[in-house]
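Me: Please take a close look at one part of this model. Show me how that part connects to what lies around it.

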Amino acid sequence: MLLGTRQYLILGLLAVAAGCATSVIPESLEPQVDKAVTFSQVLEAPDSYRGKVVVWAGEVLKAKAMKGGTQLEVLQLPLDDEQGPVTDRMESKGRFLALQKEFLDPATMTDGTRVTIVGEITGAAVEKIDEADYRFPTLDVKHLHRWDSRQVDDRRVIGPWWNVFGGVGFGGGSRSGGGISIGF
């Protein structure tokens, strides 16, 4: 009986853990993504990577309605463990333009909106940043995930933490939680 209870407990914990590990990349797009292609490589030679499907994350700097959809100017940020953008803007390698072919109201993509985009590289476009010309790598959006501001604010710090009411714990450092705590 005790062995059976342990097995059910372990299976239950595994089921809960599997439920927490959701991906922002749709299953149908996962095999198309070329994980070997980096943002820096595309920035150097965007035409060489035309047609490749990548996953990039960042912060929306500007959204503009256009005839062919909505163009997002995004400050690239590296992906964190949950495929979201890291919070430190100093880790950015540059900017990119992503075209969402369906209309997306720019008012819903305000400055600072954090996104993860699965997109197909279409080349580059030269546009102005203030008075300077800038060559943006360009993507056609295949999937756009908008991170809720609560998810960003709710990040846990990796390492030990202390509670005013007593106890100690070690966090998993992810938005979905995780870790061990002992309270008194």
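**Close look**

Reply: At 76% relative accessibility, Asp130 counts as exposed, because exposed means over 50% relative accessible area, buried under 20%, and partly exposed in between (1.4 Å probe, protein chains only). This is a predicted model, so local features need pLDDT of at least 70 and side-chain atom pairs count only at pLDDT 80 or more, while totals for chains, interfaces and linings use all residues. Numbering runs from 1 along each chain as its sequence is written, and side-chain values use heavy atoms, with hydrogens and water left out.

Asp130 sits in the loop between strand 4 (114-129) and strand 5 (132-146). Helices (H or I, at least four residues) and strands (E, at least two) are DSSP runs, numbered from the N terminus. Asp130 is not a glycine, yet its phi is positive, at about 55 degrees. Gln83 is another non-glycine residue with a positive phi, here about 70 degrees. Gln83 belongs to the loop between strand 2 and strand 3.

Strands count as paired if DSSP finds at least two bridges between them. Strand 1 (residues 53-66) pairs with strand 2 in the antiparallel sense, over 9 bridges. A hairpin links these two strands through 2 residues. In this pairing, Ala65 stands opposite Thr70 of strand 2. Strand 3 (residues 95-100) is also antiparallel to strand 2, with 6 bridges. Here Val74 faces Phe96 of strand 3.

Next, the largest pocket. A pocket is an open set of points on a 1 Å grid over the protein atoms alone, with protein on both sides within 12 Å along at least five of seven lines; a residue lines it if an atom is within 4 Å of a point. The volume of the largest pocket is about 300 Å³, taken as the space filled by probe spheres set on the points, which are joined across faces, edges and corners. Helix 2 (39-44), strand 1 and strand 2 each give two or more residues to its lining. Strand 1 supplies the largest share, 4 residues. The lining has 19 residues, and Lys35, Val37, Val55, Trp56 and Leu79 lie nearest the centre. By type, the lining holds 11 nonpolar, 4 polar and 4 charged residues. Nonpolar covers Ala, Val, Leu, Ile, Met, Phe, Trp, Tyr, Cys and Pro; charged covers Asp, Glu, Lys and Arg; the others, Gly among them, are polar.

Helix 2 also contains Leu43. Beyond its neighbours within four places in sequence, Leu43 is in contact with Lys93, Tyr134, Arg135 and Pro137. Contact means heavy atoms within 4.5 Å. Leu43 and Gly123 are 80 residues apart in sequence, but 9.7 Å apart in space, C-alpha to C-alpha.

Now the whole protein. It has 3 helices and 8 strands, in the order α-α-β-β-β-β-β-α-β-β-β along the sequence. Of the 184 residues, 35% are buried. Among contacts with a separation of 6 or more, 58% join residues 24 or more positions apart. The accessible surface is about 11,500 Å², and 57% of it belongs to carbon and sulfur atoms. These areas come from the Shrake-Rupley method with a 1.4 Å probe; for residues, only the protein chains shown count as cover.

Note on methods:
On a 1 Å grid over the protein atoms alone, a cavity is a set of points where a 1.4 Å probe fits but cannot get out, and a pocket is an open set with protein on both sides within 12 Å along at least five of seven lines; lining residues have an atom within 4 Å of a point.
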